[in-house]
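Subject: Structure for your attention

Dear colleague,

Please find below the structure that I am handing over to you.

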Amino acid sequence: MVNMPDTTPAGRVADFMYKGGITEILEQLDNDLIGLLPVKKRVREIAALLVLDKMRRKLGFETAVPSLHMCFTGAPGTGKTTVAVRMGQILQVRSLPARRAAHH
């Protein structure tokens, strides 16, 4: 890390999420799906991890892009596509490649 005083504020994850548009995407997910609280919680955790990684890079820490392999399973009409679209939007906002790969 470059010579940076300890008093330099790093910012808050919530601020970075708001500035990057992630908060809006998470609100859309909340409005799109009723229930599925564990799924929504996991998406928020992943979004926070990505934001935290970006904050660390801005402060000069070395970071590695986390592996984000995901598999959306479930019966038809359970919200898999909705969650996948919102997750893709979050990855796009964070400038990480969101590749489409369908495995049947």
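In what follows, a residue is called buried under 20% relative accessible area, exposed over 50%, and partly exposed in between, using a 1.4 Å probe and protein chains only. This is a predicted model, in which local features need pLDDT of at least 70 and side-chain atom pairs count only at pLDDT 80 or more, whereas totals for chains, interfaces and linings use all residues. Residues are numbered from 1 along each chain as its sequence is written, and side-chain values use heavy atoms, with hydrogens and water left out.

Overall architecture

The chain contains four helices and zero strands, giving the pattern α-α-α-α along the sequence. Helices (H or I, at least four residues) and strands (E, at least two) are DSSP runs, numbered from the N terminus. Of the 104 residues in the chain, 23% are buried. The accessible surface, computed by the Shrake-Rupley method with a 1.4 Å probe, comes to about 7700 Å², and carbon and sulfur atoms hold 56% of this surface. Among contacts (heavy atoms within 4.5 Å) with a separation of 6 or more, 66% are between residues 24 or more positions apart.

The nonpolar core

A nonpolar core is a set of buried Ala, Val, Leu, Ile, Met, Phe, Trp, Tyr and Cys residues joined through side-chain atoms within 4.5 Å. The largest one here has 17 residues, and those with the most contacts inside it are Met17, Ile22, Leu26, Val43, Val51, Met87 and Ile90. Two or more residues each come from helix 1 (13-19), helix 2 (22-32), helix 3 (37-58) and helix 4 (80-93). Helix 3 gives the most, with six residues. Leaving aside residues up to four places away in sequence, Leu26 touches Met17, Val43, Arg44 and Ile90.

The second largest pocket

On a 1 Å grid over the protein atoms alone, a pocket is an open set of points where a 1.4 Å probe fits, with protein on both sides within 12 Å along at least five of seven lines; lining residues have an atom within 4 Å of a point. The second largest pocket has a volume of about 230 Å³, the volume being the space filled by probe spheres set on the points. Its lining has 14 residues, of which Val39, Cys71, Phe72, Thr73 and Val83 lie nearest the centre. Helix 3 and helix 4 each give two or more residues to this lining, and the largest share, four residues, is from helix 3. By type, the lining divides into nine nonpolar, three polar and two charged residues. Here Ala, Val, Leu, Ile, Met, Phe, Trp, Tyr, Cys and Pro count as nonpolar, Asp, Glu, Lys and Arg as charged, and the others, Gly among them, as polar.

Individual residues

Leu36 lies in the loop between helix 2 and helix 3 and is partly exposed, with a relative accessible area of 33%. Leu36 has a positive phi of about 50° although it is not a glycine. Most residues other than glycine have a negative phi.

The loop between helix 3 and helix 4 holds Leu68, which is partly exposed at 24% relative accessibility. The C-alpha atoms of Leu68 and Leu91 are separated by 9.7 Å. Val65 is found in the loop between helix 3 and helix 4 as well, and is exposed at 59%.

Lys41, in helix 3, is exposed with a relative accessible area of 54%.

Yours sincerely
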